Amino acid sequence: GAVVSQHPSWVICKSGTSVKIECRSLDFQATTMFWYRQFPKQSLMLMATSNEGSKATYEQGVEKDKFLINHASLTLSTLTVTSAHPEDSSFYICSAYREFSGYTFGSGTRLTVV
Amino acid sequence: ELKVEQNPLFLSMQEGKNYTIYCNYSTTSDRLYWYRQDPGKSLESLFVLLSNGAVKQEGRLMASLDTKARLSTLHITAAVHDLSATYFCAVYMDSNYQLIWGAGTKLIIKP
């Protein structure tokens, strides 16, 4: 079946540094990629939607200059958390969407900012 | 704005019992998903329900969709400990392909 490879699985970084999370669709082309964050014991919160070759659409309240999303190809989307702070610590999940096939989720990235 | 209400939010039950999780949504949609999430893990797809009256079953789990009532149910039959997890429903928005998520039901099944 379709697989989305998400890396890293977990990362610890110092406050003020930037972290890049990659999601790569294996054996299929993801026309649309969704990026979520999830706080403990909460549901998924959509951060942004990205389509290959175009700028991401951010949800209200999500700082686009802080959470940089790049979807340069149909198989790779990246989320960069810039100047990370402890409040950015969360579980980040990507989800690739293909029409008629639905959604494939990455395995998630646990970000801890110290 | 589409809202998705899932209940109960927390469910503790004994092995062998039956129970149902409910997912209500506020506007028209013809597609609904159920997912399972284990602690520290990502989402595992359980069911996609594509039409009114759709019913799908996998093992001890059965999901149904009533688009007229805007209600989906996830029924657990003769629960076993391995089914302990958080279950989410998500409703599809065809305007932008987004999923609108329920709050999740944390299910604990005691031996």
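Predicted model: local features only at pLDDT ≥ 70, side-chain atom pairs only at ≥ 80, totals over all residues.
Figure 1. Gln6(A) counts as buried because its relative accessibility is 2% (buried means under 20% relative accessible area, exposed over 50%, partly exposed in between, with a 1.4 Å probe and protein chains only). Its side chain has two partners to look for here. One is the backbone nitrogen of Cys94(A), at 3.4 Å, and another is the side chain of Thr109(A), in a polar contact of 3.0 Å. (A polar contact is a pair of N or O atoms within 3.5 Å; within protein, one must be able to donate a hydrogen and the other to accept it, and residues adjacent in sequence count only if both atoms are side-chain atoms.) Leaving out residues up to four places away in sequence, Gln6(A) also touches others, among them Ile21(A), Trp35(A), Tyr92(A) and Gly106(A) (contact means heavy atoms within 4.5 Å).

**Figure 2. The disulfide of chain A, Cys23(A) to Cys94(A).** The two sulfur atoms sit 1.8 Å apart (a disulfide is a pair of cysteine sulfur atoms within 2.5 Å). The link is left-handed, with -95° about the S-S bond. It connects distant parts of the chain, 71 residues apart: Cys23(A) is in strand β3 (residues 19-26) and Cys94(A) in strand β9. Cys23(A) is buried, at a relative accessible area of 0%, and Cys94(A) is buried at 0% too.

**Figure 3. The disulfide of chain B, Cys23(B) to Cys89(B), with Val4(B) alongside.** Here the S to S distance is 2.0 Å, and the link is right-handed, with 80° about the S-S bond. Cys23(B) belongs to strand β3 (residues 19-25) and Cys89(B) to strand β9 (residues 85-92), so the pair ties together parts that are 66 residues apart in sequence. Cys23(B) is buried at 0% relative accessible area, and Cys89(B) likewise counts as buried at 0%. Val4(B), from strand β1 (residues 4-7) of chain B, touches both cysteines, and its other contacts include Tyr25(B), Val91(B) and Trp101(B). Val4(B) is buried as well, with a relative accessible area of 13%.

**Figure 4. Salt bridges in the two chains.** The structure holds three of them over all chains (a salt bridge is a side-chain nitrogen of Lys or Arg within 4 Å of a carboxyl oxygen of Asp or Glu). Lys66(A) and Asp88(A) meet at 2.9 Å, N to O. That pair links distant parts of the chain, 22 residues apart, with Lys66(A) in the loop between β6 (57-58) and β7 (67-73) and Asp88(A) in the loop between β8 (76-81) and β9. Arg24(A) and Glu22(A) meet at 3.5 Å; Arg24(A) is partly exposed at 34% relative accessibility, and Glu22(A) is partly exposed at 30%. In chain B, Arg36(B) pairs with Asp38(B) at 3.0 Å. Arg36(B) is buried, with a relative accessible area of 13%, whereas Asp38(B) is partly exposed at 26%.

**Figure 5. Where chain A meets chain B.** In this view, 21 residues of chain A are in contact with 17 residues of chain B. The chains bury about 1,400 Å² between them, 55% of it on carbon and sulfur atoms (buried area is the accessible area, with a 1.4 Å probe, that two parts lose on being put together, summed over both). Ser43(A), Tyr103(A) and Phe105(A) supply 35% of the area that chain A buries against chain B, more than any other three residues. Between the chains there are zero salt bridges but seven residue pairs in polar contact, both residues at pLDDT 80 or more. On the side of chain A that touches chain B, the elements giving two or more residues are β4 (32-38), β5 (44-51), β9 (90-98) and β10 (102-105). The largest share, four residues, comes from β4(A).

How values were computed. Residues numbered from 1 in each chain as written. Chains lettered and ligands numbered in written order. Heavy atoms only, no water.
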